[in-house]
Amino acid sequence: MVERDITRLGSEGRGPVGRIDGRDVRRTNVAAGRGVAAVVESTLGPKGLDKMLVGADGHVVVTNDGAKVLENLPLDHPAARVLVETARRQDDRVNDGTTTAVVLAGELLSNAGDLVERGVPPAAVAAGYHRAATRASDALDEYAVDIDPDDAARLEDVARTVVTGKWDESAAECLARRAVETAAAVGEGRTLDFERITRQTAPGGSVFDSTVCGGLLVDLELSSTDVASREATLPARFPDATVVLVDGQLTVETLSGASEVVVETPEELREFEAYERERYDDIRARIEGVGADAVFCQKSIDDPVRDALARAGILAVERTRADEFRTLARVTGASPVAAVEELTPADAGRAELVERRSAGDREFVAVEGESASRHVSVLLRGGTPRVLDELAGIFDDCLGVLRTAVEEGGVLPGGGAAEVRLSRELSAFAPSVRGTEQLAVEAFSDALERVPWLLAESAGLDPIDVLAELHARHDDGEVFAGLDLAAGEPANTLSRGVVEPVPVKRRSVLGAAEAATTLVRVDDAVAVASPGEDDEPGHDHDHGRGGVVESTGGYPWTLGH
Ligand code: ADP
Ligand code: MG
């Protein structure tokens with residue numbers, strides 16, 4: 001989240017509505033109605049797409065994460081609050097589909113406003129929306145295509161669809177690949193065990209320098225002292241290493257059992273020093289005795305111990321985090337001992353490679369294990385800590401969506417294909433619904449078309465033509481026809497590799513419906529929805545479509561071209 005140099009040019013028409021860091025902001029995505037003092041706008045930037053929020057107070061934030069934008073709304077209007085909550089839940093539960101949820105919610109609210117103005121009772125609108133959402137959710141299951149959890153190419157499609165538009169294209173592609181590699185390393189049939197993933201970040205370098213390795217990458221910055229010794233130079237690599245885990249400390253106090261030593265005479269001091277040397281040597285000898293190459297200690301290691309170990313060619317890492325310690329035990333098969341006196345060769349574990357690695361200003365120790373004890377570590381690289389934060393967020397979203405895809409199995413064509421399909425399902429379903437609820441089902445069907453509409457606009461295509469073409473194709477049985485943004489044309493998006501897991505779309509649709517029905521029931525929200533200075537229903541106004549939230553076109557999924 002950064003504050004930027006923003007110039008607001010206006011919010012009407014098809015031209016730029018503002019300027020961010022000298023770049024034109026193209027169009028408004030979601031503009032909340034009067035009283036909802038927030039606008040989310042999109043801009044095309046070198047990193048793909050930024051979404052911009054402008055509060056009524058002039059507060060501006062820019063990010064490429066839709067959920068983050070809304071989180072930062074400094075507002076207390078009910079509609080704004082509900083939209084924020086919708087986006088947040090969407091992100092928490094399924095890691096993706098936030099823009100769809102918010103756009104759809106906005107459109108549903110707008111349509112609800114129209115219906116209420118035409119005299120449809122808010123309760124009938126809410127009931128109709130609820131029926132429509134339930135029907136749409138069922139339709140998704142019938143429409144879904146099964147995914148083979150071992151189909152890496154398919155999983156890459158899923159990951160790429162998540163990151164599209166969030167970062168520059170090749171970097172996004174790279175992140176998507178790393179996410180698939182990571183997921184593949186910890187996948188077993190239809191489960192993905194996230195406990196077996198460690199994600200580290202190191203600022204500096206580029207996202208293309210990011211790596212995935214089998215085993216654990218221990219961040220040494222978390223430990224208070226360095227592994228290097230003043231007295232000896234350790235090799236950086238220990239192939240076929242023997243690893244010892246000490247679940248305690250390597251200090252003299254532990255060995256003597258005394259918590260504090262009081263020395264009163266020079267004689268006593270010499271005696272104590274001799275005793276210390278002996279104990280340090282004893283620790284070194286016991287660790288060396290089991291053939292160790294590396295020792296990880298949960299607590300502290302006295303400097304002289306580390307030096308003695310380094311002279312013996314043994315890497316010593318102190319203050320290893322409890323979770324890393326457990327992972328090390330699993331990866332290497334070592335049994336942690338409470339004190340070195342207990343150490344036997346049987347307690348030692350093995351690693352294919354123990355290696356000290358540096359990335360930027362960070363130091364790591366990689367412990368690459370046998371494949372049987374699968375654990376995987378990702379090291380994400382990228383410019384600044386802030387950039388890295390965003391990249392890590394995108395990477396995590398990618399992993400989350402991959403898990404959903406693998407565990408649930410069903411995927412849908414993206415690029416608006418699923419929305420066109422659902423829209424058609426609902427318009428076929430509407431006539432069977434009695435009373436004014438039928439109008440709400442139709443309104444839901446219309447609202448769904450907003451997604452392909454906005455995608456078409458963002459590709460610079462005429463949305464009316466695109467929608468007509470998509471409907472014609474669906475009529476002809478091309479049920480996976482959507483808009484391929486990369487090619488800028490309608491296509492079978494499933495075969496073009498634009499795919500999303502069913503639960504993501506389901507959550508967008510249900511979340512949007514929940515948001516809209518909640519707000520439709522709030523009299524206040526509907527009153528505020530009416531455009532114009534007074535809140536009289538039916539008051540015609542040139543800038544309003546008459547909804548709580550007004551969508552004025554544009555779409556933050558714009559791809560660079
Ligand atoms: P966000 O990722 O900002 O939360 P969504 O996931 O709700 O937004 O929406 C992204 C939309 O972009 C989805 O409809 C998805 O199918 C679409 N999309 C992603 N990549 C492509 C592509 N290459 N071609 C067409 N549509 C795409
Ligand atoms: Mg997405």
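Three aromatic pairs occur in this predicted model. One of them joins Y129 and F444. Y129 belongs to helix α4, whereas F444 belongs to helix α13 (residues 437-448). The contact therefore ties together parts 315 residues apart in sequence. Y129 is buried, with a relative accessible area of 0%. F444 is buried too, at 0% relative accessibility.

F272 and Y275 make another pair, with ring centres 6.0 Å apart. Their planes stand at 35°, so this pair is tilted. Both residues sit in helix α8 (residues 266-289). They are three residues apart, about one turn of the helix. F272 counts as buried at 19% relative accessibility. Y275, at 25%, counts as partly exposed.

The charged end of R403 sits over the ring of F194, 3.8 Å from the ring centre.

Now turn to charge against charge. Side chains of opposite charge can pair when their charged atoms come close. The model holds 38 salt bridges. One of them links R506 and D141, with N to O at 2.8 Å. R506 lies in helix α16 (residues 502-520), and D141 lies in helix α4 (residues 122-143). The bridge therefore ties together parts 365 residues apart in sequence. Helix α4 is also the helix that holds Y129. R506 is partly exposed, with a relative accessible area of 21%. D141 is partly exposed as well, at 45%.

E188 and R374 form a further salt bridge, their closest N and O atoms being 2.7 Å apart. E188 lies in strand β8 (residues 187-188). R374 lies in the loop between β17 (362-368) and β18 (376-382). Parts 186 residues apart in sequence are thus tied together by this pair. R374 counts as partly exposed, at 25% relative accessibility.

What separates R178 and E181 along helix α6? They are three residues apart in that helix (residues 169-186), about one helical turn. R178 is buried, with a relative accessible area of 17%. E181 is partly exposed, at 36%.

Salt bridges can also link up into a network. E85, R88, R89, D92, R507 and E514 are joined in this way.

Definitions and conventions. Residues numbered from 1 in each chain as written. Chains lettered and ligands numbered in written order. Predicted model: local features only at pLDDT ≥ 70, side-chain atom pairs only at ≥ 80, totals over all residues. Heavy atoms only, no water. Salt bridge = Lys/Arg side-chain N within 4 Å of Asp/Glu carboxyl O. Helix = DSSP H or I, 4+ residues; strand = E, 2+ residues; numbered from the N terminus. Buried < 20%, exposed > 50% of the residue type's maximum accessible area, 1.4 Å probe, protein only. Phe/Tyr/Trp six-rings, centres within 6.5 Å; stacked < 30°, edge-to-face > 60°. Lys NZ or Arg CZ within 6 Å of the ring centre and 35° of its normal.
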